[in-house]
Amino acid sequence: MSLQIALRKKASALTALVTAMAIALTPFSAARAQAKGPPVLRDTETEQLLREYTRPILRVAGLEKHNIQMVIINDGSFNAFVADGRRIFVNWGAILQSETPNQIIGVLAHETGHLAGGHLSKLREQLAAAQTQMIIAMLLGAGAIAAGSTQRSSVGNNGLANAGAAAIAAPQEVIRRTLLSYQRQQEENADRAGVKFLAATQQSPKGMYETFKRFTSESLFAARGADPYLQSHPMPAERVAALQEFASSSPYWNKKDDPALQLRHDMVRAKISAFMERPETVYRRYPQTNDSLPARYARAISTYLHGDLRSALAQIDALIQVQPNNPYFYEVRGQALLESGKAAEAIAPLRKAVALSNNAPLIEMLLGQALVGTDNKAYTDDAVRILRAAVAREPEAALGYTQLAMAYGRKGDYAEADLASAQAAYLRGDNKTARELATRAKTRFAVGTPGWVKADDIVAAKPPRN
């Protein structure tokens, strides 16, 4: 995978609320994967596949030029959501549990429905209105409580105070139900939009239906006796029935995924399993008796991750013999060597991976890390060139700036080293360190130069609000 883990800025309160805009109710009875580490995962192979899944859908939705990004969340449960109009967030669990490309494509089509419908901006309007109502209700309720308190001694009861407390609680409950009802309607609208986009791209909506249906019995069991108006989604059985009614009429209902695409999908699922699940789980999913390419991929990655480098390299080399132009096999080989302390040996396969992947920036960062890790000054200029190109296309990847800082330090260019270190710290959310390093960088650059301006921007930047 790298499955490189990257820190992101903290989500806003709105993001947390809109997380409820998920494609399906996560089964409450299912055990959630307790993956460790920061919340965002990076991997070129997986992100590229997701981009290819969404590109035609975004095109027919009129969002092709909006630069919508795919973000993989470090969570093993089945979920996906939109939060800011610029990104679609997908849990790795959703990819792993989608047995066919069409199933995860259906999820992405639904989330595109939220984006195309402007549901986020409309929800902000609802929230703004609710906030005003809530403030008024709380002020009126607080006034009643105060009046009740002053009359309590003379009247001998606290009925007015209780009424005031109810005045606070009741409007909030009404507002909450109104907002949840609003979200339920948007879920239904997104379902219909998703089916429309799939039809326009000549893809089957069956995968979306299968995904929803798979969780119906578990969700119904968990929600039995629950107030349906307290659900942020429609009750699962009702939602699945409605989806089946209009999705099954699609002329592409029985269209199958292309076998080559299914293989790529299975390869990504195998990679995710190998990186994110325990080795015993990986070997249960992909036993030695399974000689398929995805199974061999998963076992090779799991083998290197758990310390048997020699065996892992032999397995990866066997994969390369089958697909000699697969950049991700070379990437995994280089990563295995790099993480085993063999930076010099990692350079060749990582160069091959960069070339075959059309200079994928995340793989370039691994190559830059290998070049820096050799401690060979002859590689320094090459490392700077590669890493600068990588961060230009992936400006939010802290790893690239960290390695760039080391390369500049080796060159003796301490102004650029301080600036790159400051950028890395800022992306990690360490604003104090970022400002300190940027302040020092400003003293090393001539006033008004590009480096000085970048450093000054970091010094002046305000931490994002929670």
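Visitor: What makes strand β3 mostly covered?

Guide: In strand β3 (residues 69-73), 4 of the 5 residues are buried. Buried means under 20% relative accessible area, exposed over 50%, and partly exposed in between, with a 1.4 Å probe and protein chains only. The model is a predicted one, in which local features need pLDDT of at least 70, side-chain atom pairs count only at pLDDT 80 or more, and totals for chains, interfaces and linings use all residues. Residues are numbered from 1 along each chain as its sequence is written, and side-chain values use heavy atoms, with hydrogens and water left out.

Visitor: How many helices and strands does the protein chain have?

Guide: The protein chain has 21 helices and 5 strands. Helices (H or I, at least four residues) and strands (E, at least two) are DSSP runs, numbered from the N terminus. Of the 466 residues of the chain, 49% count as buried.

Visitor: Which way do β3 and β5 run, parallel or antiparallel?

Guide: Strands β3 and β5 (residues 87-91) run parallel, with 5 bridges joining them. Here Gln69 stands opposite Arg87 in β5.

Visitor: How many aromatic pairs does the structure hold, and why is that of Tyr209 and Trp253 called tilted?

Guide: The structure holds 4 aromatic pairs. Rings of Phe, Tyr and Trp (its six-membered ring) pair if their centres lie within 6.5 Å; planes under 30 degrees apart count as stacked, over 60 as edge-to-face and the rest as tilted. Tyr209 and Trp253 are 5.8 Å apart, centre to centre, with 50° between the planes, so the pair counts as tilted. Tyr209 lies in helix α7 (residues 206-214) and Trp253 in the loop between α9 (236-247) and α10 (259-276), so the pair ties together parts that are 44 residues apart in sequence. Tyr209 and Trp253 are buried.

Visitor: Why is the pair of Tyr297 and Phe329 called edge-to-face?

Guide: The centres of Tyr297 and Phe329 are 5.2 Å apart, and the angle between the planes is 70°, so this pair counts as edge-to-face. Because Tyr297 lies in helix α12 (residues 293-305) and Phe329 in helix α14 (residues 327-339), the pair ties together parts that are 32 residues apart in sequence. Both Tyr297 and Phe329 are buried.

Visitor: How do you know that the buried residues of α13 line one face of the helix?

Guide: The buried residues of α13 (residues 309-322) are Leu309, Ala312, Leu313, Ile316, Leu319 and Ile320. Seen down the axis of α13, they fall within an arc of 120°, so they line one face; the arc is that of the directions from the helix axis to the C-beta atoms. On the other side of α13, Arg310 and Gln321 are exposed.

Visitor: What covers the buried residues of α13?

Guide: The cover includes α12 and α14.

Visitor: What do the buried residues of α17 pack against?

Guide: Helix α17 (residues 380-393) has buried residues including Thr380, Asp382 and Ala383. The buried residues of α17 pack against α15 (343-356), α16 (361-373) and α18 (398-411); contact means heavy atoms within 4.5 Å.

How values were computed. Two strands pair if DSSP finds at least two bridges between them. The expected span of a helix is 1.5 Å times one less than its number of residues.
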